[in-house]
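Welcome! Take a moment to look over the sequence and the 3D view, and then let us walk through some of the features together.

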Amino acid sequence: MPAPTEFLQFVDQNADAFIQRLSDAVAIPSISGDASHRKDVFKMADWLNDQLKAVGVETQLVDLGKHIMDDEELQLPPAILGRIGNDPKKKTVLLYGHFDVQPANKSDGWDTDPFTLVVHPTNGQLIGRGSSDDKGPILGWLNVLQYHFQTGKELPVNLKMCFEGMEESGSEGLDDLVKREGSGNGGWFDGVDCVCISDNYWLNTRTPALTYGLRGLTYFKLTVSGPSRDLHSGVFGRTVHEPMTDLIHLMGQLVSPTGKILIPGVDEMVPPPTEEEKAIYSGLDYSIQDIQDAAGAAIALSDDKVNVLMGRMRYPSLSLHGIEGAFSGVGAKTVIPAKVSGKFSIRLVPPQTPDAVNPLVIAYLQSEFAKLNSKNKLHIEDLHGGKPWVADHKHWNFEAAKRATEAVYKQSPDLTREGGSIPVTLTFAETLGVNVLLLPMGRGDDGAHSTNEKLDRSNFIEGTKLLGTYLYELASV
Ligand SMILES: C[C@H](N)C(=O)N[C@@H](Cc1c[nH]cn1)C(=O)O
Ligand SMILES: [Zn+2]
Ligand SMILES: [Zn+2]
């Protein structure tokens with residue numbers, strides 16, 4: 001069933017108001033990984049809850065309890081559960097998105113304030129933290145609902161919605177909620193026929209995509225401590241075991257400069273690709289230029305497109321993220337930091353899971369640390385994790401999204417696996433026993449998690465049409 005022309009016109013006519021609403025959302029710095037911004041994640045939950053109620057969604061805020069972050073006990077932001085429509089003759093679709101964002105500071109290298117949405121005067125890009133990941137896509141759903149609410153037009157499907165505020169910090173508390181309310185015992189998630197998540201990106205800047213896989217994740221914090229306080233390097237250099245020297249050595253043993261994971265057994269868990277699988281990557285609309293443009297430099301690990309795509313989609317990767325406690329200010333402070341914490345994560349692919357990989361990581365770090373004969377102390381923490389996910393892309397859920405993409409973009413979508421992680425995806429698939437589709441709104445060069453994150457105006461507006469059209473296509477499969 002095609003989406004009504006009136007809906008498509010409504011989206012074009014209301015584009016400026018939709019952008020203003022995105023600007024209001026971006027202005028709330030809902031950074032889940034920073035305790036000092038926890039109140040903003042709650043503010044964002046209230047803002048979104050009000051917006052949903054204003055377009056006719058029946059909502060409830062679910063308390064997910066407390067958690068410990070950086071040795072502090074914090075209240076988790078609520079999950080927002082929403083529903084609209086309960087017609088037994090219609091399919092019921094569950095929409096998921098997250099209203100928290102990654103940290104962002106102007107001093108990281110942003111050209112403008114990250115929490116003030118800037119509309120680029122010539123190319124129309126909507127620049128601000130969360131514009132693409134994941135406030136733009138959530139607002140895309142709101143735009144669709146606004147049309148139906150304002151015109152009194154019935155939705156073609158029943159909708160359930162689950163929006164969370166902890167995705168960027170491991171989705172704490174959400175798995176328990178989904179398992180409690182979705183195990184077929186009359187819980188809130190029962191009756192869902194399929195799931196749609198708009199929280200990833202096209203592979204390039206030109207071809208829309210449907211995504212059927214995500215990598216999992218396991219995130220570690222390694223702390224090396226020794227002296228009771230920071231020391232003068234002139235007084236103590238070459239006389240004590242230095243925590244930073246130990247830590248840098250350990251971090252240097254994790255991954256080679258060409259991406260090989262050096263922890264024995266981790267890369268080896270993954271079977272080699274078949275020729276048939278390689279042919280899928282070869283057929284995707286992608287070039288080395290695309291990755292170079294998205295990265296902003298000619299730094300691809302390989303000149304072969306298939307290798308680059310497999311590096312992102314079907315092999316694990318280990319990235320070093322940062323060191324807490326190290327001197328990082330201006331000037332030339334000659335200090336030996338007393339306690340430093342290195343952070344790294346491994347993106348996982350089937351059959352890897354955090355449960356299978358974590359013991360290998362911990363044993364390796366302990367044995368490498370033992371080789372140093374250091375008198376410092378090593379403390380290893382596994383901060384959060386999630387399993388990889390792969391779906392059946394021949395399912396009617398994907399068929400509907402393909403037809404919607406062709407209707408809106410006049411192009412067939414790429415079928416992709418995403419290199420990032422959305423931990424709850426597998427929980428939805430396994431607990432609810434239904435197909436999950438990832439339907440991205442933004443482009444491969446949006447700079448999610450990076451400086452100057454943006455969503456192209458056309459992706460926001462055409463992406464809103466895509467989300468609405470998908471619901472109409474679902475009604476006819
Ligand atoms: C793909 C999704 N938009 C995303 O960015 N997910 C995050 C999830 C995460 C886990 N720890 C911190 N963030 C990601 O893939 O990094
Ligand atoms: Zn993200
Ligand atoms: Zn996201």
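Predicted model: local features only at pLDDT ≥ 70, side-chain atom pairs only at ≥ 80, totals over all residues.

On the side of helix 12, the contact is formed by A400, A401, R403, A404, T405, A407, V408 and Y409. Helix 14 brings E462, K465, L466, T469, Y470, E473 and L474 to the contact.

## How the chain is divided

Stepping back to the whole chain, you will find two domains, each built from two stretches of sequence. Domain 1 takes in 5–215 and 388–474, while domain 2 takes in 217–270 and 315–386. Between the C-alpha centres of domain 1 and domain 2 there is a distance of 34 Å.

Where the domains touch, eight residues of domain 1 are in contact with nine residues of domain 2. The side belonging to domain 1 is made up of three nonpolar residues, four polar ones and one charged one.

## Around the ligand

Which residues are closest to ligand 1? They are D133, E168, D199, G420 and S421, out of 13 residues that surround ligand 1. The shell as a whole contains five charged residues, along with four nonpolar and four polar.

## Backbone details to look for

One of the residues closest to ligand 1, D133, also takes part in a cis peptide bond: this bond joins D133 to D134, with omega about 5 degrees. You can find D134 in the loop that runs between strand 7 (125–127) and helix 4 (135–151).

Another cis peptide bond leads from P350 to P351, and its omega is near 5 degrees. Here the place to look is the loop between strand 15 (339–348) and helix 11 (354–371), where P351 lies.

Finally, visit D70, which is not a glycine and yet has a positive phi of about 50 degrees. D70 sits in the loop between strand 2 (66–69) and strand 3 (72–75).

Definitions and conventions. Residues numbered from 1 in each chain as written. Chains lettered and ligands numbered in written order. Near = placed C-beta within 6 Å. Nonpolar A, V, L, I, M, F, W, Y, C, P; charged D, E, K, R; others polar. Contact = placed C-beta atoms within 7 Å. Helix = DSSP H or I, 4+ residues; strand = E, 2+ residues; numbered from the N terminus. Domains from an automatic or database assignment.
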